[in-house]
Amino acid sequence: MVTDNIADMLTRIRNANMVKHQIVQIPMTKMSVAITTILKEEGFIENFENYEENNRKYLLISLKYIGKDRKPVIGKLERVSKSGLRVYTNSKKLPTVLDNLGIAIISTSRGVMTNLKAKELGIGGEVLCYIW
């Protein structure tokens, strides 16, 4: 049993990127679907789809690579808020990742969104992870 589903998801993507796998399978939760949707909208992954096997639901994520040497689009995934230490921020202190070349994923009262969208709406929340 996994206690931190987000950290498990990020680790699976990170490991699949290192060995240059095309597809990675992740257990489906509402949070993993929200994070995967953001990754697709921001262009970090190709696509994703729902998959069911033995009455368990999974997400199949198609990873994105560049060039003939297949350099991963996702350079680094970093979990910020952990189960032992939650990290919250207000709208005025939202993090910027590599001068807005990367994104921070924030869980707000209006749903999961990027740091740029949260800044635009003027809301803060829990900082889940950094991606660049």
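This is a predicted model: local features need pLDDT of at least 70, side-chain atom pairs count only at pLDDT 80 or more; totals for chains, interfaces and linings use all residues.
**The largest pocket**

- The lining consists of Ala34, Thr37, Ile38, Glu41, Glu42, Arg110, Val112, Met113, Thr114 and Lys117.
- Two elements, α2 (30-41) and β9 (111-114), each supply at least two residues of this lining.
- By residue type, the lining of the largest pocket divides into four nonpolar, two polar and four charged residues.
- Ala34, Val112 and Met113 are among the lining residues, and each of these residue types counts as nonpolar.
- Glu41, Glu42, Arg110 and Lys117 also line the pocket; Glu, Arg and Lys count as charged.

**Salt bridge Asp4–Arg79**

- Asp4 and Arg79 form a salt bridge in which the closest N and O atoms are 3.1 Å apart.

**Salt bridge Asp8–Arg12**

- A second pair joins the side chains of Asp8 and Arg12, with an N to O distance of 3.1 Å.
- Both residues belong to helix α1, where they sit four residues apart, or about one turn of the helix.
- Arg12 has a relative accessibility of 31% and therefore counts as partly exposed, a class that lies between the cut-offs of 20% and 50%.

**Salt bridge Arg86–Glu126**

- The side chains of Arg86 and Glu126 meet in a salt bridge at 3.2 Å, N to O.
- This pair links distant parts of the chain, 40 residues apart: Arg86 is in the loop between β6 and β7 (88-89), and Glu126 is in strand β10 (residues 125-131).
- Arg86 is partly exposed, with a relative accessible area of 40%.
- Glu126, at a relative accessible area of 13%, is buried, because buried means under 20%.

**Background on the pairs**

- Side chains of opposite charge can pair when their charged atoms come close.

Definitions and conventions. Residues are numbered from 1 along each chain as its sequence is written. Side-chain values use heavy atoms; hydrogens and water are left out. On a 1 Å grid over the protein atoms alone, a cavity is a set of points where a 1.4 Å probe fits but cannot get out, and a pocket is an open set with protein on both sides within 12 Å along at least five of seven lines; lining residues have an atom within 4 Å of a point. A salt bridge is a side-chain nitrogen of Lys or Arg within 4 Å of a carboxyl oxygen of Asp or Glu. Buried means under 20% relative accessible area, exposed over 50%, partly exposed in between (1.4 Å probe, protein chains only).
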